[in-house]
Amino acid sequence: MKCRHCAAELVHTFIDLGYAPPSNAYLTAADLSRPELYYPLNIKVCDQCWLVQTEDYAEAEELFSADYAYFSSTSSGWLEHASRYAQQMIEDLSLTAESLVIEVASNDGYLLKNFVAAGVPCLGIEPTVSTAEAAEKLGIPVLREFFGESLATQLKNSGRQADLIAGNNVYAHVPDINDFTRGLKAALKPGGTITLEFPHLLQLINHTQFDTIYHEHFSYLSLYTVNRVFAAAALKVCHVEELSTHGGSLRVFGCHLEDAREPTPAVAALLEQEAGQGLQQLATYQGFQARADQLKDNLLSFLLEQKRAGKTVAAYGAAAKGNTLLNYAGVKPDLLPYVCDAAPAKQGKFMPGSHIPILAPSALAADCPDYLLVLPWNIADEVKQQNSELAERGVRFVTAVPTLEVS
Ligand SMILES: [Zn+2]
């Protein structure tokens, strides 16, 4: 296989997580009596451009099926994050009724609704039918397509270039990062701004966040690599911010290469930090597997200990990262009988691979388990606050990443 960005031969494995079904392929009761598709989950690192990437096996269309169940609006913390971002952009970029904001992967309209409320015209791009319909109900026009150079060129030719193109947690999820980036270039007005948010590879490595690895997540990105990918598409990184979302993300600001804006000192500082922590050295990527295996073993030991002691453990949050963790660890309903999730679209279904049933959060109050394993550790505080009455009844909260913690 060749690197998706620079086409160099990929010879180094970053981590091999065996075989797993797509993380968002939630199953119905009827699906349980059918065969389930597993794909290798083997992550490579390119020793030329340092793009960390999944091995190619499955087509994007196959992985992002029409009933893909994730709705951004189910997390209140994420909604606040989106609202603050919109206000900041409207002020900083002086967006008006004459501007256009395009969001790639606009999901259920969690972000663009803030621009609609401020009277700034917007356009969502979202191939997933169920979430696109939810956004349209909020008055957001949505193109139900995959974004790339072809769609962006159509937008450009119809005079619909954007003052702001936002992409939150989509850049790492596109199979062809070069085509996507050329699309950003084509759809951007002269003088326009791009912002992309994605989990920072540096945090993934530093905090052993191996459960953020799944098939739909094609790239694991450093600022160094994004800088190179942008340059190849005649774009440049002009600013960067570090965010606490998803265990540590970057918000990269981009503009046309010929734009008068000079990169801010934050760009050079972060590039220097990445280099200082060895992100352009192979040794940094080796040894990650052993640390991930340690985390997996710690979780399994904990679950086995509780089972032997006659204690009950349930899980909260049927998130993609939970599926990676549970499937790599080989956890089945005998160790973890159910997982609760606030998203109605997931309730009544089963986790892919592990076949653990997904219930409404109300099941927790009725069952009152001894321990609650919070799978999306990035929103563990929010989950704890929302379920404070469980803590009062003696339920203890557990997270498995970056280390096993019981509180
Ligand atoms: Zn490469």
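**Close-up 1. An aromatic cluster.** F147, Y171, F180, F198 and F230 are joined into a cluster by ring pairs (rings of Phe, Tyr and Trp, the latter by its six-membered ring, pair if their centres lie within 6.5 Å; planes under 30 degrees apart count as stacked, over 60 as edge-to-face and the rest as tilted). The structure is a predicted model, where local features need pLDDT of at least 70 and side-chain atom pairs count only at pLDDT 80 or more, while totals for chains, interfaces and linings use all residues. Residues are numbered from 1 along each chain as its sequence is written, and side-chain values use heavy atoms, with hydrogens and water left out. The structure has 10 aromatic pairs. One of them, Y171 with F180, is tilted, at 5.6 Å centre to centre and 50° between the planes. Y171 is buried at 0% relative accessible area, and F180 is buried at 2% (buried means under 20% relative accessible area, exposed over 50%, partly exposed in between, with a 1.4 Å probe and protein chains only).

Close-up 2. T181 is buried, with a relative accessible area of 0%. Neighbours within four places in sequence aside, T181 touches Y171, V229, F230, A233 and L235 (contact means heavy atoms within 4.5 Å).

**Close-up 3. Two charges over rings.** K296 lies over the face of Y328, 5.2 Å from the ring centre (a charge sits over a ring if NZ of Lys or CZ of Arg is within 6 Å of the ring centre and within 35 degrees of the ring normal). Y328 itself is buried, at 19% relative accessible area. In another place, the charged end of K321 sits over the ring of W377, 5.2 Å from its centre.

**Close-up 4. The zinc site.** What are the protein donors of the zinc ion? They are the SG atoms of C3, C6, C46 and C49, lying 2.3 Å from the ion (donors are N, O and S atoms within 2.8 Å of the metal, or 3.2 Å for Na, K and Ca; water is not among the atoms, so sites may look incomplete). The arrangement is tetrahedral because the 4 donor atoms subtend angles of 100 to 117° (four donors count as tetrahedral if all angles lie between 85 and 135 degrees). Along the sequence, the donor residues follow the spacing C-x2-C-x39-C-x2-C. C3 is buried at 5% relative accessible area, whereas C6 is partly exposed at 29%.

Methods
Tetrahedral: all angles 85-135°; square planar, octahedral: opposite > 155°, others 65-115°.
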